[in-house]
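Student: Could we go through this model together, beginning with the loops and then turning to the aromatic rings?

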Amino acid sequence: MWVTRIIERSGHQRSAGVNQSLASLKRSDNVENQDNMDEDTDMSKVMGFSSFGGTKKKAMTFDLDSILEQTKKTAQERSRKVFEEREAARGSDSSDEDRMPPPPPRPRSGPQPSTSAASQKPSPDSDSDDSDSSDDEMIGPPLPPPQKTAAGKDADEEFIGPPLPPRDSDEDSDEEEEEDPLDKRIPASHEITLEHGNKTVSALALDPSGSRLITGGYDYDIRFWDFAAMDASLQSFRTIQPCECHNIRSLAYTITGDMILIAAGNSQAKVFDRDGFEVLECSKGDQYLQDMAKTKGHVASLNSACWHPRTKGLFLTCSDDSTVRIWDVESEGKKHKTAFKARSQQGRKTGVTSCGFSRDGKLIVGGCEDGSIQIWDANLNVHTKYLQRTAHQNGAGITCVSFSYDNRALLSRGGDDTMKLWDIRSFKRPLNVATKLQCFYPMTDCTFSPDDKMVVTGTQVKKGEGNGKLVFLDRETFRTVDEIELEDTGVVRCLWHYRLNQIIVGCSNGKAKVFYDPNKSHKGAKQCVVKTKRSMKQVETVVHEQILTPHALPIFRENRRGRMAWKQLVKDRSDPLRSHRPDLPVSGAGAGGRLGATGSTLSSYISRTIAPNIIDDSNPRESILRHAKEAEENPVYLGHVYKITQPDPKLAEKTLEQEIDEQEAKEKDTTPAWKKLKLA
């Protein structure tokens, strides 16, 4: 067999090379031994001893020829076994293929090992041509023949490695059937409730990692919730009121989660850091300018705001002043970067009630008060790139617009109780429409599921008229997949986080609910529900209340503390002058030089004897008039003065109060002067 010949030839070649290397090693060993002997002789002559180790031990010797022979036999046996197994596996091949010469060797990287003609011994079966070309033949076991693919090409041209087993179409169909239905993908088996306040939760935001949640409401407050730090009591760790008396309308985290964007009922958006401290406040525009693009900022109340999905520091705001503005954090809110103006079909201003970026940040969408959806290119603010005038009912407004994760579809929620799905590539007609979705709040949300297979929105009801619902619809058909009822409240905000796979809902009763599934969700609410409530540590303390007596004697003033003060107090107690109690008032007659309380002083004597307490019940008018006749006949003071100039006294006909009333009546009279003269 050609396999046996190749093995023997390779063995002879290897043995010749090893013999040469062993001969060279022996020669070098003899030279080293001779040098060592010369060094030992010199050392014994100079120092008196031949070596440092006393008796020199001999090195171990090995029979290299026997080791080489054993190695060669072992290699031949292993190679023969391998090739016999391969030949047995090719039992289907013909005998002609068995006698074929080995395939030509493949080129290898690096220098090839050279062989010597003297060490090669041609086998008796080989002819003269084989012996002459022995140097060109491959050394070692031959490579297996190349495998053929179904197309007849080499396997190396198709892929590297063993061929993959064929897959049946039945297996693919089985995998598709094993996927969970849409209603089983909703993580809503469990829920927790976060108490925000007593008024509507109008804004929600989760950071990209899903560790912190912020809620804002009509009570002007923003609450911070940390899932990793909360326990089962579900208490927020911080509450701020960033915009005074303006309700919160929109909240958003940056793509890195280090800043928060706040849009309230005023015209100035604010940016806070992760811990709730203000970073910047946008400028307010000039409301007297006609061109809104020339103002520094918004001049009317904000409706929505969001961050750029790719670029850190850029954010978007929309307002009732018919503009959508892009801001940059680096400019510190002094002036907007770009302004987009929304116009109605008549060319007039129309308020923008919702806005957003596309997933790649190249498009900007705005939902307007007249029911239109206007989409601009982020780099061109002159004209709209896509426009739909009759997206929703005129005057109802658009509460939310949201792009899908594949960036091809747009979802809009209107105040006309409808939700519509649009294809950006064909923007004339909606793909699907859902109706009878009651909407009473101007910030009612709608969003896509993380796998883009479902859309989610909420419905509201009037107080005492039923329950609100969280509605899940199939994206392809808008068929209702599932509905979650919330008792005696409506769903205003909804958020489906792609990383946590949890749904956060803001309700109209001031509560926020988090829906999750222990098997499908990750972290978030699962971290806090497993923690027990922290028990309140009751510490009994005695509070020393100091009584302030500024007019007390120095010994009784409680302004001393410490050991030295106590020593001073004991010393003062022993002093008869410092510790003398004030004298009590004298009762009865005086004694010891002190006067009694009554009867012992001059003032008390006069008040008791000379000026007794007499009550006069007579009429003072009668007492005066009884002297009128005598005063008229015999005037004493001023009567004789008026006898010459005014013998008969003239008294006033009206009192002063009557004169003031008449003057006020004349001033209130609104009759024109010419009319009074005519009447007269």
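**Loops, repeats and rings**

Tutor: N501 is buried, with a relative accessible area of 16%. Buried means under 20% relative accessible area, exposed over 50%, and partly exposed in between (1.4 Å probe, protein chains only). This is a predicted model in which local features need pLDDT of at least 70 and side-chain atom pairs count only at pLDDT 80 or more, whereas totals for chains, interfaces and linings use all residues. Residues are numbered from 1 along each chain as its sequence is written, and side-chain values use heavy atoms, with hydrogens and water left out.

Student: Where does N501 lie?

Tutor: The loop between strand 26 (491–497) and strand 27 (502–507) holds N501. Strands are DSSP runs of E with at least two residues, helices are runs of H or I with at least four, and both are numbered from the N terminus.

Student: And what is the phi of N501 near?

Tutor: Phi is near 55° for N501, a positive value in a residue other than glycine. F478 also has a positive phi, of about 60°, although F478 is not a glycine. F478 is placed in the loop between strand 24 (468–474) and strand 25 (480–486).

Student: Is F478 buried or exposed?

Tutor: F478 is buried, at a relative accessible area of 10%.

Student: Changing topic, which residues does the "repeat: WD" annotation cover?

Tutor: According to the unreviewed UniProt entry, the annotation covers residues 194–235, 295–337, 345–377 and 391–432. UniProt positions are given in the numbering used here, feature names are shortened, and annotations may be inferred rather than shown by experiment. Over residues 345–377 the chain is 52% strand and 0% helix, with the end C-alpha atoms 20 Å apart.

Student: Now the rings: how many aromatic pairs are there in the whole structure?

Tutor: A search finds eight aromatic pairs. Rings of Phe, Tyr and Trp (its six-membered ring) pair if their centres lie within 6.5 Å; planes under 30 degrees apart count as stacked, over 60 as edge-to-face and the rest as tilted. One of them is the edge-to-face pair of W307 and F315, at 5.3 Å centre to centre with 65° between the planes. Both W307 and F315 are buried.
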